[in-house]
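Biologist: Could you take me through this model step by step, giving the cut-offs behind each term as you go?

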Amino acid sequence: MRRLNTHRKPPRVGDQPLFRRLLIGIVLVLVALIIVAPLVIIGVEASAKGWAVYRDTIIHPDTRHAIMLTVLAALVAVPVNTAFGIAAAWAITKFDFWGKRFLLVLIEIPFSVSPIVAGVAYLFVYGLQGIFGPTLDAWDIKILFAIPGIILASMFVTAPFVARELIPLMQAQGRDLEEAATSLGASGWRTFFSVTLPNVKWALLYGVILCNARVMGEFGAVSVVSGNIRGQTNTLPLHIELLYHDYQATGAFASASILATIAVLTIIAKVALERQGAGRVRPQAKPAESNS
Amino acid sequence: MKIRLDHVVKTFETFRAVRDVSLEIESGELVALLGPSGSGKTTILRMVAGLEYSDGGHIYFGDQDATDIPVRDRGVGFVFQHYALFPHMTVAQNIAFGMKVSKVKREKAAIDARVTDLLRLVRLEGLGDRFPAQISGGQRQRVALARALAVDPKVLLLDEPFGALDANVRRDLRRWLREIHSELGITTLFVTHDQEEALDLADRVVILKDGQIVQQGTPEEVCRDPQSAFVMKFLGDANVIAAEVRDGKAYASGAAIEVAGLADGKAELYARPADLDWSLQGPGIPASITRVLDRPDGRRVLATAETGEHLEFDVEPERVVKAGDGGFVTLRRAKVFAV
């Protein structure tokens, strides 16, 4: 049979050589135009005026501050959203409660809402004309046009990432393992750390990496709430835009290259994790001979 | 430890899974909860474990009211239907888990020694370093049992313990579980929908239907004296023949059986295939053979009575029978239930 198969493959839809080459060709051209060309341009433009200019842009106080702010936002938003994601996934997959489906939909909303809408919404909640605005102002707490606003907006946009990775996996795993651990005398925390977490760790890491990438690259929501004060409330993506509007193309591209590098590192980490088996069962050795 | 369920009730949303079940399990007894799916047997088991709380009634462990004791502190060993072994831990780590998380602190050496003992008990010496994915289904089952026994439970609870295994492994494990039970003498309650398993393994069988106990007793009691048509049918193949009770006797076409304590009126005769005989001359129930099934332990004959009832009985393998033959079925013994 095998020999027959190699001789005569059953014809599949679109399996003519011409058609195949055409499809592959279209994909390659599109990838080159849409993805590769811009990435190359970032590299080329960033180094257009030589290494010295590139270095000067990077070590410029405003750029450094923008980098620090972006890292700060990630340092706060990612752990908070990770904790939120784990809690939400745990609640949704291990318990039954009223409004569970609604919560599931609610978690997805930041994905479907444009970030700029989120930003504007924050203006109406925390702004001077907003609901909490006057109270916050009275207590002299600055949220909008300050670091808390940036972090809040970033958190809103990236809230679903960890939960979305965990929920399908934890749903598939069911409650048996936790019930077994509890029946053996383990406390809730012990069950979580010894049983639940090890079985979802790859999916969790994957979610954290995606969440981090999104926090660092977030533009829309943050641009509304940050106020774009150079050296104060400018994150890296906002800084790039500012530089570009100031006709500092090289500076913009140099800053962009940092974000692009982060993105590429993220992709590499993601691929590495997928190899380890994110969300999948690790490849195990063959089962032993059945001699029960 | 003696276990007592006192008028236990459980409702899921609108489904009444367990309705007023009272049950006593003596210390050291091995009891089977037997019933079709949806009969509430697993729910009862989970309530004894503390994995579900009852909506009404009480569960006693010895003299202590255990109804509200959380599963963690209840001291039960629970073996899950699909074993629920921790996939990221080795067999030895799985078995040691309960001892490691216990409030009673143990020396590492003591834990290791206990794990070795348990591995020997479940005949898995040398497999302690394997992961659950690397062993067979029957071996996983035994690891799950060792893990449950490691915490010295007061009661051992097993949910369909052999459900996911193939027939031969299942038979071996059944004998082996019986041996372990006699060795340890631990009070054991297990759930099954397989009557053969329940009858082979248990000291006492509790038969459930729609969340209620319909009969309980030793395998002999429930087999020889089923109290209802449901128990009769559920425990094994049964022929059903329409009959009529008059003056303490049940009459079917060509057969009459003495019955006591049944009111006159319509009834049904129930007889096991082994309780039917086949002869070419009457008297008896006239029938014709529709099919002959050959099995390793005999020859099963399917026949249709003149009155339309489907009958099954066994004959000697040497007996010459073939589809289309006519003859008479006689009853050696039968149970009569009013309809």
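Modeller: Domain bounds here come from an automatic or database domain assignment. This is a predicted model, in which local features need pLDDT of at least 70 and side-chain atom pairs count only at pLDDT 80 or more, while totals for chains, interfaces and linings use all residues. Residues are numbered from 1 along each chain as its sequence is written, and chains are lettered from A and ligands numbered from 1 in the order in which they are written.

Biologist: How many residues does domain 2 of chain A bring to the contact with domain 1 of chain A?

Modeller: The assignment for chain A gives domain 1 as 12–46 and domain 2 as 50–275, and their centres, taken over C-alpha atoms, are separated by 31 Å. Counting residues as in contact if their C-beta atoms, placed from the backbone, lie within 7 Å, domain 1 of chain A contributes 5 residues and domain 2 of chain A contributes 8 residues.

Biologist: Is Ile86(A) buried or exposed?

Modeller: Ile86(A) lies in helix H4 (residues 61–94) of chain A, a helix being a DSSP run of H or I of at least four residues, and a strand a run of E of at least two. Ile86(A) touches Val162(A) and Leu166(A), leaving aside residues up to four places away in sequence. A residue is buried if 20 or more other C-beta atoms lie within 10 Å of its own, exposed if 12 or fewer, and partly exposed in between; because Ile86(A) has 20 other C-beta atoms within 10 Å, Ile86(A) is buried.

Biologist: Which residue is the bridge partner of Tyr270(B) in S20(B)?

Modeller: Two strands pair if DSSP finds at least two bridges between them, and strand S14 (residues 265–271) of chain B pairs with S20(B) in the antiparallel sense over 4 bridges. In S20(B), the partner of Tyr270(B) is Lys335(B).

Key
Two residues are in contact if their C-beta atoms, placed from the backbone, lie within 7 Å.
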